[in-house]
Amino acid sequence: VHAVEPSQKAIEEGSKLYPFINFQRATGASMNYEKGYFDLVIINSVFHWVSRENLLETITKIDNVIKYGGYLIIGDFQIWHPAKKNYHHIKEEKCWTYKLDYKKIFLATGLYKEVATLSMNHDNKTLTTETDIHNYFSVSLLKKEDLYDTI
């Protein structure tokens, strides 16, 4: 099990709680693994924090480390249109989080198919499709494979 984390403090705490995890201090855009290294990559509650300047580089790095036939799980605020929100726990400065249907970026490449998506209300953790845009969270399972037809 590997984890990518930019915070040294989080790595120190995580290493104590989960000594079986190999932590790499990096961001998604700067992580360093071989192409096709993983059968499964889980990105949970991360994409909404990634700066828009680094988003495509981060997605490229994630795609590169997943082997063909492997899986990607994305859990995030995957709403139906792009939106940004000032993070409510930091009131003294602007700290944006970004909501977007992140799975669509991977699906648009023709290299991923959607296996399943579960949606929920983020606040009360109830599985539902009946939630407003502020509380909508989904978890998507994608499989990496070449979906192109030969013509």
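Residues are classed by relative accessible area, with buried meaning under 20%, exposed over 50% and partly exposed in between (1.4 Å probe, protein chains only). The structure is a predicted model, in which local features need pLDDT of at least 70 and side-chain atom pairs count only at pLDDT 80 or more, while totals for chains, interfaces and linings use all residues. Residues are numbered from 1 along each chain as its sequence is written, and side-chain values use heavy atoms, with hydrogens and water left out.

The model holds 6 salt bridges, each defined as a side-chain nitrogen of Lys or Arg within 4 Å of a carboxyl oxygen of Asp or Glu. One of them joins Lys 103 to Asp 101 at an N to O distance of 3.2 Å; Lys 103 counts as buried because its relative accessibility is 10%, and Asp 101 is likewise buried, with a relative accessible area of 10%. Asp 101 and Lys 103 also belong, with Lys 104, to a network of salt bridges.

A further salt bridge pairs Asp 63 with Lys 144, whose closest N and O atoms are 3.1 Å apart. This pair links helix H2 to strand E9 across 81 residues, helices (H or I, at least four residues) and strands (E, at least two) being DSSP runs numbered from the N terminus. Both Asp 63 and Lys 144 are buried.

Between Asp 39 and Lys 67, the closest N and O atoms of the salt bridge are 3.2 Å apart; Asp 39 lies in strand E3 and Lys 67 in strand E4, so the pair ties together parts 28 residues apart in sequence. Asp 39 is partly exposed at 48% relative accessibility, as is Lys 67 at 33%.
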